[in-house]
Amino acid sequence: MHASERRQITGFSNPTIKRLKSLREKKYRKREGHFLAEGLRILTEALDAGKTPKLLVVVEDTELHPLAQKIEQATFEAGGDVIETSEAIIAKLSGKSNPQSIIGIYEDHPTSLDDLDRNTSGIWLVAQALRDPGNLGTILRTGDAVGAGGLILIDDCVDPFSVEAVRASMGAIFTQKIAQAPWDDFISWLRAGEGQLVGTSLDTDKDYQSVKYEAPTFLLIGNEAQGLPEDYEAACDMLVKMPMMGKADSLNAAIASAVIAYEVLNQRR
């Protein structure tokens with residue numbers, strides 16, 4: 001495909017630019033069913049996972065990296081649009097003063113619990129009332145690293161398709177299945193089949209390395225500030241904690257999930 005088949009947009013007030021900028025807000029993402037991903041690395045991960053952008057935005061008058069050329073080609077072949085515009089407009093879309101030179105607009109892909117096949121992986125990550133998009137993105141990235149089946153978000157979590165969460169996921173947003181459900185629905189689904197629910201808690205004397213993890217393991221991480229509610233802890237098959245040798249009583253939620261997920265993985269290797 002030739003560059004002449006791109007559309008050029010130069011004005012901030014252009015309706016397409018306004019619509020793309022609105023995808024920074026959750027209500028518009030939900031309404032449109034699309035989200036923004038930026039940067040060559042993340043867009044390449046998406047392409048490797050078989051996902052092409054509905055719309056690609058590139059900086060005008062710059063030589064595209066060979067990987068970016070490949071993404072552009074794939075976008076055209078899939079019937080998508082490519083827009084070239086100024087760096088200032090791309091900065092506006094990304095919300096950063098030093099933006100990446102390429103942005104993709106993708107369809108979001110939430111999954112229902114009933115569409116998850118728990119037997120596809122020996123480990124699943126479950127997060128309850130997670131509020132920080134950086135933590136959510138990092139947990140997705142951990143899931144990708146340990147070969148998790150996906151991430152199940154319980155109760156009112158931050159939107160996994162927010163710009164910040166997508167950025168922190170480093171492309172894992174495209175490789176991990178993501179389901180969202182209220183606690184009661186999740187427990188009903190979980191108990192209808194195999195699965196060991198392991199919660200992280202300060203109120204246990206079980207060291208995370210001293211226990212046996214059964215596959216599939218569902219690793220439940222609580223809210224950053226409050227941890228898990230008492231009744232959620234009571235519903236777990238097992239509660240585990242990590243030894244804390246310093247002054248802090250707990251680790252960051254995303255780091256805790258990574259440490260324990262790797263222990264589960266190590267027991268299986």
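1. A friendly place to start is the aromatic side chains: Trp124, Trp183, Phe186, Trp189, Phe218 and Tyr232 form one aromatic cluster. Please keep in mind that this is a predicted model. One member of the cluster, Trp189, also has a charged neighbour: the charged end of Arg118 sits over the Trp189 ring, 4.2 Å from the ring centre.

2. Aromatic pairs number 10 here. Phe35 belongs to strand S2, while Phe161 lies in the loop between strand S8 (150-154) and helix H7 (163-169), so the pair links distant parts of the chain, 126 residues apart.

3. Five strands make an open sheet in the order S1-S4-S3-S5-S2, and the pairing is mixed. At the edges are strand S1 (7-8) and strand S2 (34-38), each pairing on one side only.

4. Within this sheet, strand S3 (residues 55-59) and strand S5 (residues 102-107) run antiparallel and are joined by four bridges. Leu55, for instance, has Ile105 in S5 as its bridge partner.

5. Two helices are worth a look against these strands. Helix H4 (residues 66-77) lies across S3, strand S4 (81-85) and S5, and runs at about 135° to S4. Helix H5 (residues 87-94) lies across S2, S3, S4 and S5, with an angle of about 130° to S3.

Definitions and conventions: Residues are numbered from 1 along each chain as its sequence is written. This is a predicted model: local features need pLDDT of at least 70, side-chain atom pairs count only at pLDDT 80 or more; totals for chains, interfaces and linings use all residues. Side-chain values use heavy atoms; hydrogens and water are left out. Two strands pair if DSSP finds at least two bridges between them. Contact means heavy atoms within 4.5 Å. Axes are lines fitted to C-alpha atoms, for helices over the stretch in contact, and angles run from 0 to 180 degrees between N-to-C directions. Rings of Phe, Tyr and Trp (its six-membered ring) pair if their centres lie within 6.5 Å; planes under 30 degrees apart count as stacked, over 60 as edge-to-face and the rest as tilted. A charge sits over a ring if NZ of Lys or CZ of Arg is within 6 Å of the ring centre and within 35 degrees of the ring normal.
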